[in-house]
Amino acid sequence: MSTSTSSTIAGSGTGTPIIKIRNFDFAYGDSQALFDINMDINEKEVTAFIGPSGCGKSTFLRCFNRMNDLIDIARIKNGEVKISDVNIYNKDVDVIELRKHVGMVFQKSNPFPKSIYDNIAYGLRIQGVKKKSSLDEVVEKCLRSAALWDEVKDRLNESALGMSGGQQQRLCIARALAVRPKILLMDEPCSALDPIATAKVEELIHELKQDYTIVIVTHSMQQAARVSDRTAFFYLGKLIEYDKTDNIFMNPRDPQTEAYISGRFG
Amino acid sequence: MEAIVSWSFRLGTYLVILCAGYIFMNIAVNGSKAVFTTEAPFINIEFLTQKPQTLHVFEPKEVDTELKSNKAKVVALEAKHRNLGSGETTMADEIEQQIEALKERSKALDIQRKEGRLMYGDKEYRTLTEEPSSEQYVYNNYAYSGGGIGPAIVGTCLLVAGSIAIALTLGILCAIFLSEYSTSGRTLQLIRLSILNLSGVPSIVFGLFGFGMFVLFLDWGVSMLAGWFTLAIMALPVIIAASEESMRAIPKGFREGSLALGASKWTTIRTNVLPYAMPGILTSSIMGVARVAGETAPIMFTAAFALRDQLPWQGLEKPTDFFFQGVMALPYHIYVVSSKIPQNEYTRNMQYGAAFVFLIIVGFFALSSIILRIKIRKKYKW
C-alpha cells in the first residue's frame, strides 16, 4: 500500500515507471474533463483504469498516444505526460513516432476490410517495409503472440471481416504488436465480446505482460481484478485512488472507491 | 377513403411512368429508323460516322403542283361542307365523296412524288455537273438533314471524358479537405452552404459564367477546354457533396486504427479512407457528369459549334490546338436541328436519330456507373 508521500504522485512502489503524469489538466472546449492528475505507470505491468461512464478514463488513455489530437476542441490546459522521460506534448515530438511506441486497441474491434495478412502487415508497410520474407515473419510472430496463429494460419488471405468478434479483437492486438510498441493501450477491449472470447483476450494480456506495458480501460471490475497489477479509480475527471489491484479491491482507502467497487453506484 | 387516397397516389405514379414511357418510346421508335437499317450490319454506319450535310431535294414539279392544288381543293370543300344547312344531306354526302376522292388521289401522288424525287447530300450535290432543270423539278434544301452525327458523338465523348477528369480531381480534393482536414465551424458551414447552393444555379448561368471566365477573360475562345471547365464546375457541387458523404460514411475506426499504428494523416486517408470511399465517389461523379453532359446551355457559348467540317484530331497545327478548338456536341446539335430547321419527313430522321443516339449514350453512362458501383461494393465490404 502506498504511503502518504504518494498522495501527490500515486502508484509509486516497486517497478520502474515508464509513463509519468504530472498535474495533468485536460479539457474539451470549455468543459474540463480531467483535473490535476498525477500518476506513474510501471513498465511491464498491467494497469487498469476503472470508473463509471464519463469519468474521463478513456480520454486519459487517449492522451498517452495523443489520439485526442484528432478532436478539434481538445486541449491540454496544464501539466505533462512523460513517456520514457520525454514529454509527449512537446512541440518537437513526432506524433507518428510516438504512436509507433504506444500502440492502441480500441473498444470496437476495427480490423481493416483487408485480408488478415494485410491487416497485420499494414503497420510495417506504411513504414516502407516491402520485403515479403520479413513481412511473413512478423505476421506469424504477431499472430502467435496474439494466440491467433493456429486459428487463422490457413486463411491468412481471407478477409479479416469474416472472423468472429473475439478473433477480430485479437487480430487488432496482433496488428498493434506488429510495429513493436513498448506500451499497449486498450480501451475496453472486451466490451463487445462474449465471456469465452473475453477469457481468451485476458489470457493474452497476461502473456503480453512479459514484454509490454499495458494500460487497460475497463468497465468490468472483475476484469480489472483478474488482469491488472495496479488499478486506478477515476470519478468525475479526478483520479480518486491508485494502488495495487489487491489493495484497491480488498482494502480501498477512499469511501468513493469502496462505494463503486461494491456496486453502490456507477 | 383510404382506397381513394392510395389510388390517387398509384394513378399519379402510373401517369408519370406512362408519360415518360411514351416520350422514350416515341424517340426510340422514330430514332431507330435513322440508326438501324434492314440490311446487315443493321446499323446505319453512315449516320453514326458522317458529318451533317445539307439535304438537297428535287421533287417532280407536276406532282408537286397537283398535290398543292389538291390540298387547296380539300380545304375549300371542307369549308363548304361546314356551311351547309342541316337539311342538305345529299349535298353533304356528295362533298364528302369528293373529299374522299381527292384524298385518295393525294396518296397516290405522294407515292409518285417519293419515287420521282431526287435527293442529294452536299458532296453529291457539288459533283452534279448539271442541276435538274427547274422546269421539271421543285428545289428545296434542308440544313443538317443529310449525312450523320459522327462529329457530334465524338465531341460529346471528348467533352464528357475531359469534364469527368477535371471534376473528379477538383471534387475529390475539395471533399478530402472538407471531410478530413477542415475544422468544423462557421466558415465550414458557409462553404458547405455555398456548394449546396451552387447546385441550384440554372445551367444557363453556368454557361454565361464559362463564357465570361474562360472564353473571354482567359481568352481561350470557344474551345473544348472552356467546355470542359464549364461542365466540370457545373458537376462539382454534386460530386463534392457525394464524395464528402462517402468519405464520412467510412467508419471512424479505420482512421483511428491506422493512425494508432503510426500512419500519418495523409497515409491514413490514402490507404484507409479513399479506397473504401471510391465506389461512392465514382458512381456519384459519373452520375453527376452524365447529367451535366446532357446540358446544352453550358456548352452553347463555350465549346459547341453548330457545324464543324473536321474531326477534333484533324488539321491541327500544333498539339495544344487540340484543346482550343470548338467541337460539335450532341445536345447542342439536337437543339439546333430541332429548333432551326422545319419539321418534315426530310428532317425527322436527323432530329429523332440524334436524340435517340444521345439517349443511348447517356443511358450507357448511367448504366456503367451502376455496374461499377455493384462491382466495387462487392470488393470492399465492411
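Me: What pLDDT does chain B average?
Reply: This is a predicted model, where local features need pLDDT of at least 70, side-chain atom pairs count only at pLDDT 80 or more, and totals for chains, interfaces and linings use all residues. Residues are numbered from 1 along each chain as its sequence is written, with chains lettered from A and ligands numbered from 1 in the order in which they are written. Chain B averages 83 (pLDDT is the predictor's confidence in each residue, from 0 to 100), and 98% of its residues score at least 70.

Me: Where in chain B is confidence lowest?
Reply: In helix 5 of chain B (residues 122–127), with a mean of 74. The highest is helix 1 of chain B (residues 2–35), at 90. Helices here are DSSP runs of H or I with at least four residues, strands are E runs of at least two, and both are numbered from the N terminus.

Me: And what are the ipTM and pTM?
Reply: ipTM is 0.84 and pTM is 0.77.

Me: OK, the interface. How many residues does each chain give to the contact?
Reply: Chain B gives 20 residues and chain A gives 20, where contact means C-beta atoms, placed from the backbone, within 7 Å.

Me: Which element of chain B gives the most?
Reply: Helix 10 of chain B, with six residues on the side that touches chain A. By class, that side of chain B has nine nonpolar, nine polar and two charged residues. Ala, Val, Leu, Ile, Met, Phe, Trp, Tyr, Cys and Pro count as nonpolar, Asp, Glu, Lys and Arg as charged, and the others, Gly among them, as polar.

Me: Now helix packing. How do helix 8 and helix 9 of chain B cross?
Reply: Helix 8 (residues 203–217) and helix 9 (residues 224–248) of chain B have axes that come within 9 Å and cross at roughly 140°. Axes are lines fitted to C-alpha atoms, for helices over the stretch in contact, with angles from 0 to 180 degrees between N-to-C directions. That makes helix 8 of chain B oblique to helix 9 of chain B; angles under 35 degrees count as roughly parallel, over 145 as roughly antiparallel, 65 to 115 as roughly perpendicular and the rest as oblique.

Me: Which residues of helix 9 of chain B make that contact?
Reply: B:A226, B:F229, B:T230, B:I233 and B:M234. The contact of helix 8 with helix 9 of chain B has seven nonpolar, four polar and no charged residues.

Me: Last one: how many helices and strands are in chain A?
Reply: Chain A has 10 helices and 10 strands.

Methods
Two residues are in contact if their C-beta atoms, placed from the backbone, lie within 7 Å.
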